[in-house]
Amino acid sequence: MTGPGRRPLTVIAGQTSTVEAVWDDQRPIVSAEALGELLDWEWRAEGLCRETVCVPVADRSHVEHDEGIDILSVAEILDRPAVIDPDAGLLVVGQPATDRLEALHGRRAPDFTLPDLTGSPHSFSDWAGRKRLLVAFASW
Amino acid sequence: MDEEDRIVRPNAAEFGTDIFAELTGIHCEDHFELVRAWVSDGQVPEDASHTVADLTGDEVKARLHFRLAAHARRASLTDVADAHFDQAAELTPLDFTVVRAAMPLRGGNPFGEEFFDLYGAYKEAGSPYHGIPRTTA
């Protein structure tokens, strides 16, 4: 892709969402509203914000684009690893390393929610206050 | 995890039966005993203090490629999926959660020759694993 063009971007992060993006030299640009939906962070005057927490951004020109927000730059600022396939319109964004280190060294398991066989969601925290044995396996 | 959400013992390779004990050298009853002792008496095994090492940059990237590939496969983008499964495997050629997990998704046999090739290379490399290390397997 040689210049800006508009086509869908599917972002696989905490959840999977598809939005319309402007593609500039293989970098997807999304609207500020879409950013909130995709990564759960808002672009404000203070920087990148989630509820009452803000990450200051020294050089806003790395994030702001004529057509919206450079989501790859946002991922980088938030220390979230990302892999993109521009031709397929797919972007996957992982969790920051600090989340893993908190669990590994702080010995605190992050909460998560998974569906049961009928599709009903269950969270690990549903059993808070009790001893829990977590079994991960593959049926192959 | 205990009642205060602390990780009492990090992840380890354990089995619910002895069906693969000959291959793995891991017997299920040993783990059952550990769990019973913890639940009933609060006893924690010595190896519980092990700190699991963080993923490397390549391991993180491989998981992202895998996740992208799995999504592409569900969307019937087979070529895209294959390309990212390949990239994930190149980054972490001995990682079961990447290479073996991709086998059935790509029409392979996770109990077939390709698995035993992977298992042989994995053992030869000293059974690298992000969890409590094994001396018996």
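The C-alpha centres of domain 1 of chain A and domain 2 of chain A lie 25 Å apart. Domain 1 spans residues 5-94 and domain 2 spans residues 98-127, with bounds taken from an automatic or database domain assignment.

The structure is a predicted model, in which local features need pLDDT of at least 70 and side-chain atom pairs count only at pLDDT 80 or more, while totals for chains, interfaces and linings use all residues. Residues are numbered from 1 along each chain as its sequence is written, chains are lettered from A and ligands numbered from 1 in the order in which they are written, and side-chain values use heavy atoms, with hydrogens and water left out.

Confidence is expressed as pLDDT, the predictor's confidence in each residue, from 0 to 100. Chain B has a mean pLDDT of 93, and 98% of its residues reach 70 or more. Among the elements of chain B, the lowest mean pLDDT, 87, belongs to H1(B), and the highest, 98, to helix H4 (residues 78-91). Helices (H or I, at least four residues) and strands (E, at least two) are DSSP runs, numbered from the N terminus.

Over all chains, a search of the whole structure finds 1 disulfide, defined as a pair of cysteine sulfur atoms within 2.5 Å. The bond joins A:Cys49 to A:Cys54, with an S to S distance of 2.1 Å. The link of A:Cys49 and A:Cys54 is right-handed, with 110° about the S-S bond.

The table lists the exposure of selected residues. Buried means under 20% relative accessible area, exposed over 50%, and partly exposed in between (1.4 Å probe, protein chains only).

| Residue | Relative accessibility | Class |
|---|---|---|
| A:Cys49 | 0% | buried |
| A:Cys54 | 30% | partly exposed |
| B:Cys28 | 9% | buried |
| B:Pro110 | 6% | buried |
| B:Ile19 | 65% | exposed |

B:Pro110 is located in the loop between helix H5 (96-105) and helix H6 (113-124) of chain B. B:Pro110 and B:Gly25 are separated by 85 residues in sequence and by 20 Å in space, C-alpha to C-alpha.

B:Ile19 lies in the segment before helix H1 (21-24) of chain B. Together with B:Phe20, B:Leu23, B:Phe111 and B:Phe116, B:Ile19 forms a nonpolar patch on the surface, with about 490 Å² of accessible area together. Patches are made of residues with over 30% relative accessible area and no salt bridge, like charges being joined within 9 Å and nonpolar side chains (Val, Leu, Ile, Met, Phe, Trp, Tyr) within 5 Å. A salt bridge is a side-chain nitrogen of Lys or Arg within 4 Å of a carboxyl oxygen of Asp or Glu. Accessible areas come from the Shrake-Rupley method with a 1.4 Å probe; for residues, only the protein chains shown count as cover.
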